[in-house]
Amino acid sequence: ATAGAIALTGDPRRWASEPGMPGVVHYWGPYLYRSAFHATTEAEECERALAHLRDLVTVEGPQTVAAILLETVVGTNGVLVPPDGYLAGVRRLCDEFGIVMIADEVMAGFGRCGEWLAIDHWGVTPDLITFAKGVNSGYVPLGGVILSDAIAATFARRPYPGGLTYSGHPLACASAVASIGIFEEEGIVEHARALGDDVIGPGLAALADAHPSVGEVRGLGVFWAVELVRDRQTREPLVPYNASGPDAAPMNEFAAACKQRGLWPFTHFNRTHVVPPCTTTPEEIREGLAILDEALAVADRYYTGS
């Protein structure tokens with residue numbers, strides 16, 4: 001929501017704030033289901049997305065690029081899980097040109113993807129990691145940045161030239177320490193991983209088999225998206241990009257059907273996200289999936305494919 005962050009995002013919510021911070025260049029990340037690179041396999045998508053990013057860095061001038069910022073797993077805009085090798089490729093590109101790699105883990109971190117940090121899933125180490133929300137379950141507003149040793153060392157003999165009114169707030173920091181302790185004691189990261197592997201993943205796959213309007217399901221841990229379409233062959237979205245008013249009616253009707261049955265969904269564009277608390281029980285997940293199954297009948301009514 002800040003001027004810098006809103007300029008960095010590719011989300012349409014930035015439009016009202018433009019022109020924004022200068023010097024920001026957006027790029028396409030990997031998204032095989034709607035590939036910008038005409039890829040047909042994850043390996044192709046990875047290779048072509050990295051080639052695109054390299055081309056962009058080259059034409060912008062590597063010496064002008066301070067950092068490459070990405071969400072480890074893209075959150076609101078699709079729960080886009082990168083193919084194996086992509087994040088390692090970004091790391092190599094940054095190392096080659098002396099560019100800082102920043103992983104935004106505000107949504108994907110602290111158990112959400114079945115690892116302490118989502119990037120641990122691929123064994124990649126960025127230079128900076130942004131975090132918030134999950135670090136203390138949102139009990140007290142808190143966000144932060146994890147610095148590499150090399151970047152931290154640059155402040156050994158000079159002050160960090162930033163800060164906010166509530167920087168280092170002791171209550172907020174104490175809540176994070178307590179939450180991290182509970183994560184460890186109660187095995188919450190492992191629990192989230194098991195929910196994804198054993199309950200959510202198979203459950204959503206079953207819904208995809210049962211409902212033609214489900215184009216794809218994807219995710220990790222307790223971080224999943226269900227992409228809804230009018231036609232599986234053409235992959236036409238159930239509603240247009242950034243739809244509003246009558247154009248958004250199918251998704252609004254689907255969301256209303258969920259709510260009528262006691263499930264409060266998160267929908268964005270043509271997707272509904274399945275992102276329960278990391279402490280959810282398997283029984284609660286199955287109850288939610290059963291409601292989702294009923295509500296998807298609404299989306300199926302708009303299906304026009306064969």
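Colleague: How many strands form the open sheet, and in what order do they run?
Modeller: Four strands form the open sheet, in the order β1-β2-β3-β4, and their pairing is mixed; two strands count as paired if DSSP finds at least two bridges between them. The edge strands, each pairing on one side only, are β1 (67–71) and β4 (143–147), and from one strand to the next the twist averages 20 degrees. Strands here are DSSP runs of E with at least two residues, helices are runs of H or I with at least four residues, and both are numbered from the N terminus.

Colleague: Before we go on, what sort of model is this?
Modeller: This is a predicted model, in which local features need pLDDT of at least 70 and side-chain atom pairs count only at pLDDT 80 or more, while totals for chains, interfaces and linings use all residues. Residues are numbered from 1 along each chain as its sequence is written, and side-chain values use heavy atoms, with hydrogens and water left out.

Colleague: Back to the sheet, then: in which sense do β2 and β3 pair, parallel or antiparallel?
Modeller: β2 and β3 pair in the parallel sense, over three bridges, and Ile102 has Leu128 in β3 as its bridge partner. Strand β3 (residues 128–132) also pairs with β4, in the antiparallel sense and over five bridges, with Phe131 standing opposite Gly144 in β4.

Colleague: Which helix packs on that sheet?
Modeller: Helix α3 (residues 86–97) packs on the sheet, where it touches β1 and β2 (100–104), and its direction makes about 165 degrees with that of β1. Axes are lines fitted to C-alpha atoms, for helices over the stretch in contact, and angles run from 0 to 180 degrees between N-to-C directions; contact means heavy atoms within 4.5 Å.

Colleague: And is β3 mostly covered or uncovered?
Modeller: β3 is mostly covered, as four of its five residues are buried; buried means under 20% relative accessible area, exposed means over 50%, and partly exposed lies in between, computed with a 1.4 Å probe on protein chains only.

Colleague: Changing topic, which residues have the most contacts inside the largest nonpolar core?
Modeller: That core has 64 residues, and those with the most contacts inside it are Ile68, Tyr86, Val90, Leu204 and Leu292. Helix α6 (residues 188–210) gives the most to this core, with nine residues. A nonpolar core is a set of buried Ala, Val, Leu, Ile, Met, Phe, Trp, Tyr and Cys residues joined through side-chain atoms within 4.5 Å.

Colleague: What is Ile68 in contact with?
Modeller: Leaving aside neighbours within four places in sequence, the contacts of Ile68 include Tyr27, Leu53, Val57, Val90, Leu93 and Ile102. There is also a second, separate core of five residues, which includes Tyr31, Tyr33, Leu80 and Val229.

Colleague: Now for charges: how many salt bridges does the structure hold?
Modeller: The structure holds 11 salt bridges, a salt bridge being a side-chain nitrogen of Lys or Arg within 4 Å of a carboxyl oxygen of Asp or Glu. One of them joins Arg34 and Glu227, whose closest N and O atoms are 2.5 Å apart. Arg34 lies in the loop between α1 (3–8) and α2 (42–60) and Glu227 in strand β6 (residues 223–231), so this pair ties together parts that are 193 residues apart in sequence.

Colleague: Is Glu227 buried or exposed?
Modeller: Glu227 counts as buried because its relative accessible area is 0%, whereas Arg34, at 26% relative accessibility, counts as partly exposed. Both belong to a network of salt bridges that links Arg34, Glu216, Arg218 and Glu227.

Colleague: What about Asp95, which residue does it bridge to?
Modeller: Asp95 forms a salt bridge with Arg91, with the closest N and O atoms 2.9 Å apart. Both residues lie in helix α3, four residues apart, or about one turn of the helix; Asp95 is exposed at 51% relative accessibility, and Arg91 is buried with a relative accessible area of 14%.

Colleague: And where is Asp300?
Modeller: Asp300 is in helix α8 (residues 282–300). Asp300 is buried yet has no salt bridge, and the nearest side chain of opposite charge, Arg232, is 7.3 Å away; Lys and Arg count as positive and Asp and Glu as negative, while His and the chain ends are not counted. Not counting residues up to four places away in sequence, Asp300 touches His211, Pro212 and Ser213.
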